[in-house]
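Reader: I've just opened this one and I'm new to it. Please walk me through it, starting with any term I'll need.

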Amino acid sequence: MDSTSCLIYRGTEFTLEWYYDKNGKSVAEKYFLESSEDMQRKILILIKRMGDYGKIFDITKFRNEGNGIYAFKPQPDRYLSFFADGKKIIVTNGFRKKTDKLPHHEKDVAQRFRKDYLTRKTGGKKP
């Protein structure tokens, strides 16, 4: 992981990055850094697999949550993300899952961050 940028991992299939807001804050990276070494290792294994192979077939580890949002699932944590141009996956937010269903609030956060990212990448134009 590169502490001087948003880069998490550059694989042969995808580059994975933390989402940063316009103020330079990353909810996902903050959650990651506050996690135990074991939990950090679990998400990094999934990120490396996705970066190198482009797919994780096990829905208990990676899943399409709808509306362009995907979840990396290192039990019991979740990291929401989306696919972006340039073969990138942007990781938006992380949280501890406590119920069977994905919390609406967490998905809303990921969708809001996705919209912000895409708007900023297109120079302020609507994506």
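Author: A polar contact is a pair of N or O atoms within 3.5 Å; within protein, one must be able to donate a hydrogen and the other to accept it, and residues adjacent in sequence count only if both atoms are side-chain atoms. What you see is a predicted model, where local features need pLDDT of at least 70 and side-chain atom pairs count only at pLDDT 80 or more, while totals for chains, interfaces and linings use all residues. Residues are numbered from 1 along each chain as its sequence is written, and side-chain values use heavy atoms, leaving out hydrogens and water.

Reader: Which backbone nitrogen does the side chain of Ser 26 reach?
Author: Look in the loop between β2 and α1, where Ser 26 sits; helices (H or I, at least four residues) and strands (E, at least two) are DSSP runs, numbered from the N terminus. From there the Ser 26 side chain makes a polar contact at 3.0 Å, and the nitrogen it reaches belongs to Glu 29.

Reader: Is Ser 26 buried or exposed?
Author: Buried means under 20% relative accessible area, exposed over 50%, partly exposed in between (1.4 Å probe, protein chains only). Leaving aside neighbours within four places in sequence, Ser 26 is in contact (heavy atoms within 4.5 Å) with Trp 18, Tyr 19 and Tyr 20. Because its relative accessibility is 9%, Ser 26 counts as buried.

Reader: Let's zoom out. In what order do the elements of the protein chain run from the N terminus on?
Author: Count them up and you get three helices and six strands in the protein chain. Reading from the N terminus, the order is β-β-α-α-β-β-β-β-α.

Reader: What percentage of the residues in the protein chain is buried?
Author: Along its principal axes, the C-alpha trace spans about 40 × 30 × 30 Å. Of the contacts with a separation of 6 or more, 49% are between residues 24 or more positions apart. Out of 127 residues, the buried share is 43%.

Reader: On to the strands. How many bridges join β5 and β6?
Author: Two strands pair if DSSP finds at least two bridges between them. On the β6 side, Leu 80 stands opposite Asn 93. β5 and β6 are antiparallel too, and their bridges number eight.

Reader: What is the relative accessible area of Phe 82?
Author: Phe 82 is in strand β5, where seven of the eight residues are buried. Beyond its neighbours within four places, Phe 82 has contacts including Gly 68, Ile 90, Arg 114 and Tyr 117. Gly 68 is 14 residues away in sequence, but the C-alpha atoms are 6.0 Å apart. Phe 82 is buried, with a relative accessible area of 0%.

Reader: Which peptide bond is cis?
Author: Most residues other than glycine have a negative phi, and most peptide bonds are trans. Look at Pro 76, in the loop between β4 (69–72) and β5 (77–84). With omega near 0°, the cis bond is the one from Gln 75 to Pro 76.

Reader: Where is Lys 87?
Author: Lys 87 has a positive phi of about 55° although it is not a glycine. With a relative accessible area of 45%, Lys 87 is partly exposed. Its place is the loop between β5 and β6.

Reader: And Asn 67: exposed or buried?
Author: Asn 67 is another non-glycine residue with a positive phi, about 55°, this time in the loop between β3 (62–66) and β4. Since its relative accessible area is 55%, Asn 67 is exposed.
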